[in-house]
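Here is a short tour to read alongside the model. Have the sequence and the 3D view open, and follow along from one chain to the other.

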Amino acid sequence: MKPVISVSNLGKRYGRTVAVDDVSLEVFEGEIFGLIGPNGAGKTTTMECVEGNRVPDKGTISVLGLDPRRDANALRQRIGVQQQEAHLQKRIKVWEAVDLWRSLYTRAVDADALLARLGLEAKRNAWFMTLSGGQKQRLFIALALIHEPEVVFLDELTTGLDPQARRAIWGLVTDIRDRGTTVFLTTHLMEEAERLCDRVAIIEHGRLIEVGTPDELVRKHCPERTVVFTSDNANVAERMPGLSAVERAEGSGETYTIRGAGDDFVTDVINFIAREGIRVRGFRTEIPTLEDVFLKLTGHGIRD
Amino acid sequence: MRGFWKLTWLETKIFTREPMGFVGTLVMPVVLFIFLGRAFTAGEPVSTAQLDIPFNAAILAAVLIAISAVQSLVAIISIYREGGILKRLRATPLSPVTILGAHVVVKLAFTVISLALLLLAGRRLFPGVMQVNVFSFTVAALLSTLSILSLGFLIASLVPTARFAGLISAATLYPMLALSGLFFPVDRLPRALEAISYLLPTTHAVALLNGVWDGSGWGAHWVNVAALLVLFAAYTALSTKVFRWE
């Protein structure tokens, strides 16, 4: 896989505040890459520098082999941008916005087909101000996709949306990737990152602290696993510690919570239950999430 | 300039969808003109009290048309900036000149309509007095509007929020009107104010419009034309330095 975006040693400050401090990353063709971190971590500034909409203080950026500042005009024809908390004219109609955007690019997809794909065909004649949050975001996705860009930038796409609208948007984003477009997104929602992203980079205080697939990061930083099962058998917990991966086994009444670590832990527990002939009425595993990884790496939750 | 006419047409339609702003900027100065015209018999040089200078309701209305266009522009730019609309448009292949230029063209177009209403109303209501050369008057008014609009851009560049935009543009534009020579001659102002008044586009606008009105023509007022152009260039240059997109 070849990188479509390469950033090295990017730095940007506003006055005395350092927004981005030495960020280097690569985004590969056809993947959904997520820049994740709390508000103010430098996600948007990084993304805007990559798009060519902000001038970095230092570092080099290459997008599709182009320099975002020097080749701004050429690049704009090949990338699609959705900005955080963006707005359009209150009284612009959906079709008018799409029509204006289409006229700005050297190639453009069919407007009606695109609106239909994003579920906006019934809103063609609606003013922007009358759209719901989810509809506005879908319109911005439409505007970002109007010229069949090779890379799409999505900044905090689902912030402020209700869970249902959020899920609908997630479906659209995976669809964009499945059609062969590279997606670079930012989010402070770990669940979103976990669901959507092929790879994520965790950013805090303007620095990248870790990069990898969500699964890799969880396995590396949070190998802890928990198995909780209920059983009529007594004294199961006492027999547990014989398992190599088991770190803690505790039973309260009929519910047993077994904590351990590593990829083999859950298998070991299952084998143990089978071997001992324990009758299990309920069984579930708890696996750490990106949220836990974030907590571990930064010492605080993402919303703190 | 890709998208320029499409955006201009779009902004025109959007402007007409907001009845208050649309009617206010287009019709209010004309209504004021009719009202004042009735009071002073429009166009006829009437001495305002002790000051022995001609007061012309038509010229006041023309300048007000320009000023309301400017206020409307300042309001739109600051709302667009605060709402992130300017930022969104700027991330497209639209050039900055196209984005802002479209608004200027819309404002000039509505200025022409408003002037036409003014002249029509004048011809009907005060026959015999409105003998001005329509073409010359319109060109002079448009040049004035353009020059005042450039000052509007400077205001729009400096005003931090949409909430203050209306306030600050009114607080800037109306005192300018008082110093413009419309109500009393500029040379009777204190020295400092007189000097300031020559840096304001309204002063030259009033002088030029008065000149066109009384038929002394463009040649006699080339200084005002030059001043309007120079001020336009200066304010525009200054705006490009301090304009903020977000």
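Helix α6 of chain A, residues 163-178, lies across β3, β6 (151-155) and β7 of chain A. Relative to β7(A), helix α6 of chain A runs at about 150°. Please keep in mind that this is a predicted model.

The strands under discussion belong to an open sheet of six strands in chain A, ordered β5-β6-β7-β3-β8-β9, and the pairing is mixed. At the edges stand β5 (79-82) and β9 (207-212) of chain A; each has a single partner strand, so one side of each is left without a neighbour in the sheet. Direction ignored, neighbouring strands of this sheet are turned by 15° against each other on average.

How do β3 and β7 of chain A run where five bridges join them, parallel or antiparallel? Strand β3 (residues 32-36) and strand β7 (residues 182-187) of chain A run parallel. Within this part of the sheet, Ile36(A) stands opposite Thr187(A) in β7(A).

| Domain of chain A | Residues |
|---|---|
| domain 1 | 3-213 |
| domain 2 | 223-287 |

The C-alpha centres of these two domains of chain A lie 44 Å apart.

Now to chain B, which has ten helices and two strands. From the N terminus on, its elements run α-α-β-β-α-α-α-α-α-α-α-α. The C-alpha trace of chain B spans about 55 × 40 × 35 Å along its principal axes. A compact globule of 246 residues would have a radius of gyration near 18 Å, and chain B agrees with this, at 18 Å. Of the 246 residues of chain B, 43% count as buried.

Definitions and conventions:
Residues are numbered from 1 along each chain as its sequence is written. Chains are lettered from A and ligands numbered from 1 in the order in which they are written. This is a predicted model: local features need pLDDT of at least 70, side-chain atom pairs count only at pLDDT 80 or more; totals for chains, interfaces and linings use all residues. Two strands pair if DSSP finds at least two bridges between them. Helices (H or I, at least four residues) and strands (E, at least two) are DSSP runs, numbered from the N terminus. Axes are lines fitted to C-alpha atoms, for helices over the stretch in contact, and angles run from 0 to 180 degrees between N-to-C directions. Two residues are in contact if their C-beta atoms, placed from the backbone, lie within 7 Å. Domain bounds come from an automatic or database domain assignment. The radius of gyration is taken over C-alpha atoms; the globule rule is 2.2 Å times the number of residues to the power 0.38. A residue is buried if 20 or more other C-beta atoms lie within 10 Å of its own, exposed if 12 or fewer, and partly exposed in between; C-beta atoms are placed from the backbone.
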